Amino acid sequence: MVSNPVHGLPFLPGTSFKDLTKTAFHRSQTLGYRNGYAVVRRPTVGIGGNRLQVNQLSQADLDELANSIPILTYGQPRQAPPAAFIPAHVAFDKKVLKFDAYFQEDVPMSTEEHYRIRQVHIYYYLEDDSMSVIEPVVENSGIPQGKLIKRQRLSKNDRGDHYHWKDLNRGINITIYGKTFRIVDCDKFTQVFLESQGIELNPPEKMALDPYTELRKQPLRKYVTPKDFDQLKQFLTFDKQVLRFYAIWDDTDSMFGECRTYIIHYYLMDDTVEIREVHERNDGRDPFPLLMNRQRMPKVLVENAKNFPRCVLEISDKEVLEWYTAKDFIVGKPLTILGRTFFIYDCDPFTRQYYQEKFGVSDLPRIDMSKKEPPPMKQIYQVETYTPEQRSRRPLGLTMLQIHEYQGWGAGQGSAVAELPPYNGFGLIEDSAQNCFALIPKAPQKDVIKMLMNENKVLRYLATLESPIPEDKDRQFVLSYFLATDMISIFEPPVRNSGIIGGKYLGKTKVIKPDSSVENPVYYGPSDFFIGAVIDVFGHRFVILDTDDYVLKYMESNAAQYSPEALLSIQNRIQKQEAPAPELDGQRVEEEPGVQDMEALIDTIQKQLKDRPCSDNIREAFQIYDKEASGYVDRETFFKICGSFQLPVDDSLIKELIRMCSHGEDKIDYYNFVRAFSS
């Protein structure tokens, strides 16, 4: 270690001196123990005891530098010799993947089995990607078993692609020559190989078993007669002893059903049941004595015997878990036999005595099943005993629900009962009610005087549809109210390129207010229609925007019928009509309809503009940009064409015409605009 203790001398050869006082030149210890664990300490002094700088590299940084560029330490590495080429038939020689699978085979000509499960092994040979299917031989199976498919490459689709070991996995179906095999498991070597190749195996499944083979493995059924049961003893003991029950079958819930009476006989000698019909005089039924012949009745069937053809074959003990016995027939409880539910309401004295001795049941009271008289039906009738004078004083326009509320007659002079069935929603309520008053219904009475006075009088309103659907925002309708019949019709003017077919929206009919009931309907009247009113027509809300001149005259002559709100809306409309017309070159246009109506506005422009260009040239210029012949161009193109023909677009009348021809925010109808410049 060389140091330069003399200050001021440069650190150059010949001017540096050794420190003779330093005798220790060892490296500082960097290893130590703390709490029994070896730790690494960063050295604080270097060789000779010189203090190290604080920002020196740690041991980890030094190791990283040494490992990042090992060529600096060990020199240029040698290239490893290439691995020897090993062909596939050598690398995968005698390496076979084995899968356990099964397939289902139909058995159409057997009564004991409908299908057969056949277990197979699928072998996949890695050396040449060939496969084979082998079925283990089962002794005495009677089926040709062994090698089902010899070793070969198998196609998996119509394009000629072959099965690869990547296509095989547990829990999948593969189809080979029209047969579908279900792979359920594989051996250990196959599992390790597929997982080493990065294939995620499905969980193994349980191998399906052949139901017929499992049935053959069960022990044969032994028929052993119990000692405490003897059919001969039962026959000799209970011969000619029959339990008699009285029951009913209530089928009134079905169409044309009725409540019928039956007698159920239970024969104790062989536990058979018989059901006999009880006929009444003039019941209209054929005198068949039996509903069900004497036979044993199953109570609980085997789960697989629900589809048993009982209409062809007799039910045996194999298909039945439990039969009906005497303890199942109890008075006061329902009983289901052959799909019919019988209610037992009584029995004979011998049956009561038998139940008391055998089962200890002494309380078997008779249940009264006599038919109760139905409540009297409320008849709907209408009696009119009015004198001609009383009939003339009866108000016109009353519905049948309001006739009986009229206080113009006393008791005994005339009455009208109007307890009607619920309204079914078809037609008018008054028209539907006429079917309840007479066998041949008559048309509802109309106010003839009102019809004559208001004939051909129609109030028309401009309305829009209040709807959250964006397509209904710009739709406009014409509501027509007919004063003669109080009916409403709605017409939608067709709009070109709107995507909505216009025409009749609602035919002539009366419209009920939403806050009225069906029993006492309240229809819309002339006083309900004014600017700003909302009309609810069968769930569709219409907002009235404007009226025609005849409505204004009608409201002025019948101001007492309208509310102050309706009259105020008309005043606002009149004030808007009387607003001053726009000016042109310092002169005011006196024709008010020129601003409100497009036709009048076009006539005004034709009169004011004397030196105007040819309309055909303007139309041809617009049609060049209108590729789809829709009659509309965008706003930028419109003003560009107007500028090329030097049209006075800054004129107040031209501005108003452009506003009326605007369609949406970016489209302008140039058909109506060009009409203003025609001669």
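How many salt bridges does the structure hold? The structure holds 24 salt bridges, a salt bridge being a side-chain nitrogen of Lys or Arg within 4 Å of a carboxyl oxygen of Asp or Glu. This is a predicted model, in which local features need pLDDT of at least 70, side-chain atom pairs count only at pLDDT 80 or more, and totals for chains, interfaces and linings use all residues. Residues are numbered from 1 along each chain as its sequence is written, and side-chain values use heavy atoms, with hydrogens and water left out.

## Overall make-up

The protein chain has 19 helices and 31 strands. Both are DSSP runs numbered from the N terminus: helices are H or I with at least four residues, strands are E with at least two. Of the 679 residues in the protein chain, 29% are buried. Buried means under 20% relative accessible area, exposed means over 50%, and partly exposed lies in between (1.4 Å probe, protein chains only). The accessible surface of the protein chain comes to about 47,600 Å². Carbon and sulfur atoms hold 53% of that surface. The areas come from the Shrake-Rupley method with a 1.4 Å probe; for residues, only the protein chains shown count as cover. Among contacts in the protein chain with a separation of 6 or more, 47% are between residues 24 or more positions apart. Contact means heavy atoms within 4.5 Å.

## The six-stranded sheet

Six strands form an open sheet, ordered β8-β7-β6-β5-β10-β9, with antiparallel pairing. β8 (146–152) and β9 (173–176) stand at the edges with a single partner strand each, so one side of each is left without a neighbour in the sheet. Neighbouring strands of this sheet are turned by 30° against each other on average, direction ignored. Two strands pair if DSSP finds at least two bridges between them.

Strand β5 (residues 96–106) and strand β10 (residues 179–186) run antiparallel and are joined by four bridges. Here Ala101 stands opposite Ile183 in β10. Helix α4 (residues 188–196) packs on the sheet and touches β5 and β10. The direction of α4 makes about 110° with that of β5. Axes are lines fitted to C-alpha atoms, for helices over the stretch in contact, and angles run from 0 to 180 degrees between N-to-C directions.

## Strand β11 and its partners

Strand β11 (residues 242–250) pairs with strand β12 (residues 259–267) in the antiparallel sense, over nine bridges. Phe245 stands opposite Ile264 in β12. β11 also pairs with strand β18 (residues 340–347), again antiparallel, over five bridges. In that pairing Ile248 stands opposite Phe343 in β18.

## Salt bridges

| Pair | Closest N to O distance |
|---|---|
| Glu205 and Arg182 | 2.6 Å |
| Arg475 and Asp472 | 3.0 Å |

Glu105 lies in strand β5 and Arg118 in strand β6 (residues 115–125), so the pair ties together parts that are 13 residues apart in sequence. Glu105 is partly exposed, at 24% relative accessibility. Arg118 is buried, at 7%. Both belong to a network of salt bridges that links Glu105, Glu113, Arg116, Arg118 and Glu135.

The salt bridge of Glu205 with Arg182 has its closest N and O atoms 2.6 Å apart. Glu205 lies in the loop between α4 and α5 (211–217) and Arg182 in strand β10, so the pair ties together parts that are 23 residues apart in sequence. Glu205 is partly exposed at 31% relative accessibility. Arg182 is partly exposed too, with a relative accessible area of 22%.

Arg475 and Asp472 are both buried.

## Surface patch and backbone

Leu232, Phe235 and Leu236 make a nonpolar surface patch of about 320 Å². Patches are made of residues with over 30% relative accessible area and no salt bridge: like charges are joined within 9 Å, nonpolar side chains (Val, Leu, Ile, Met, Phe, Trp, Tyr) within 5 Å. Leu232 sits in helix α6 (residues 231–237). At 55% relative accessibility, Leu232 is exposed.

Most residues other than glycine have a negative phi. Asp129, not a glycine, has a positive phi of about 55°. Asp129 is found in the loop between β6 and β7 (130–135) and is partly exposed at 21% relative accessibility. Tyr177 also has a positive phi of about 55° without being a glycine. Tyr177 lies in the loop between β9 and β10 and is exposed, with a relative accessible area of 61%.
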